[in-house]
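User: Could you walk me through how the ligand sits in this protein?

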Amino acid sequence: MTDTTLMRMMNIKKSFNHVPVLKDVSFEVERGEIHALLGENGAGKSTLMNILGGVLQPDSGTIHVNGNVTVMSSPKVSQDHEISFIHQELNVVNDLTVYENMFLGSEIRTKLGFLDVTKMCRETEKILGRLGVDINPKGFVRELNTSYKQMIEISKSLLHNSKLIIMDEPTSALTEHEVERLFELMRNLKNAGVSIIYISHKLNEINEICDRYTVLRDGEVAGNGSMAHTNLEEITKLMVGNVVSEERLLTDNELGSTVLEVNNLTCDGFFKAINFSVRKGEIVGFTGLSGDGRTELFETLFGYRKKYTGEIKIDNKVVRLGHPKKAVAAGLGLVPKDRKENAIIKDLSVQHNLTVSAIRHFEKNGLINAKQEKSAFQFYKDKLNIKVPSPNITIDKLSGGNQQKVVIAKWLEVDTDIIIFDNPTQGIDIGAKREIYKHIVNLAEQGKGIIVLSSEAPELLKVCHVIHVMYQGEMTAKFAGDIATEDEIMTYATGSKKEGVEIG
Ligand SMILES: Nc1ncnc2c1ncn2[C@@H]1O[C@H](COP(=O)(O)OP(=O)(O)OP(=O)(O)O)[C@@H](O)[C@H]1O
Ligand SMILES: [Mg+2]
């Protein structure tokens, strides 16, 4: 260990219920570097960080900080060693205010021992300001959207002037603009000598911001080195063990009748005059930057938003969907974004999380057919490569990406005629991403109408027949999937060009 090394974990081993999750892992972070920690879903990244953060104890192995052996017996001890931890899952308390969340457990008091609310609010504003976030410190967190909650989590880690910050997928719920602000802040921290461990499945982010990398594979170190001496293809190979193909997945399947038609749909303040249609067997993509109105458009379609003008037709009949239940009954399914908040029931088993929305499929005369339920579970476990030791453990024991796979499987099981996927691959590793898209193509080939919303145009280019681009609530372009390019899509997504053009 040289004196530029800030932290070193040596020969770390950890098992859960006799299943080894970390097998002799050694991992080192230099002072003032941004170090990427990479690996497939379930590779052991969060577990390793939980050990460094004092949340879990290793079965064996040592941790050295500044050259001294340290036992991280609790999160507090880790914090005392100037390590901050931004967890993969949101930890904010919805019923507290922004400043109360920021200072939870480290409240500032006046000389007389009273809470110094004024000072805490001022500090909160200052720290959030560094990330370009302008929210009322006295507002309740429950009223904020997920990306603000994530920003509060990030800000909390800045309170303690730490020397090492662990960021476990901080950007999965952030908009592009927020990601840029975060990167700027990370660069400043690095220049001030702070080290950052950065976990993300968005490999382009790794390329942009990280100095060195370590790849975990099945609980072992598959490789490490400097970003300057590698490329994303090599890193992917280390992660998944082979090359992940980049070609387009779509086959020339035959398209059937129109299942969904939207005419002149408008919701004041969010989107206006939207027209599109989806045919049986067709995959229709929507992309744009934040504030493009895409999520709101599909929330309206799915019955979450009642106020709209215009017309929605399913199977050629005009429908008015004031409630998600009605939407499902009419044949629409929505795989929501933000698993962190919306899509899982934490203390329910993996099995039941999968089948909870599709329960009517497994029900006969009021009885749940457990055997059928189990075989459905096995089917998706194999298909999507869900890493789970048993169907009966609660879902919070799964790695983040594996939880997301269960959410997707749940909606595949619901089996509606039209399925809307909102950001389906959030937090999912590159190999499993391809499996999920293959499955989506498969559904289209079975004659379902598919809508995919994604801010990542390259993903849409792989699977869509048609791609719609939105900008500030308006549709600015419609591309045929096989002729669109990422650059051109960006021109329309940023509003540099807009005429509602149809291309291809
Ligand atoms: N408390 C627990 N009990 C049992 N198994 C667990 C527990 N926590 C994690 N695991 C298992 O350990 C393995 C590694 O999980 P971990 O969360 O470290 O993965 P990860 O690399 O962070 O993946 P992701 O990219 O999906 O977040 C997984 O197979 C997971 O199911
Ligand atoms: Mg994780």
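Here are a few questions and answers on the ligand site.

Analyst: A quick note to start: this is a predicted model, where local features need pLDDT of at least 70, side-chain atom pairs count only at pLDDT 80 or more, and totals for chains, interfaces and linings use all residues. Residues are numbered from 1 along each chain as its sequence is written, chains are lettered from A and ligands numbered from 1 in the order in which they are written, and side-chain values use heavy atoms, with hydrogens and water left out.

User: How many residues surround ligand 1?

Analyst: Counting a residue as near if one of its heavy atoms lies within 4 Å, we find Gly42, Lys45, Thr47, Ser399 and Gly401 to be the closest.

User: Which residue has a side-chain N or O atom 2.7 Å from an oxygen atom of ligand 1?

Analyst: Polar contacts here are pairs of N or O atoms within 3.5 Å. A backbone N or O atom of Gly44 lies 3.0 Å from a ligand 1 oxygen, and a polar backbone atom of Gly400 is 3.4 Å from one. The side-chain contact at 2.7 Å belongs to Ser399.

User: Which elements give two or more residues to the shell around ligand 1?

Analyst: Helices are DSSP runs (H or I, at least four residues), numbered from the N terminus. The elements that qualify are α1 (45-52) and α13 (400-414).

Definitions and conventions. A polar contact is a pair of N or O atoms within 3.5 Å; within protein, one must be able to donate a hydrogen and the other to accept it, and residues adjacent in sequence count only if both atoms are side-chain atoms.
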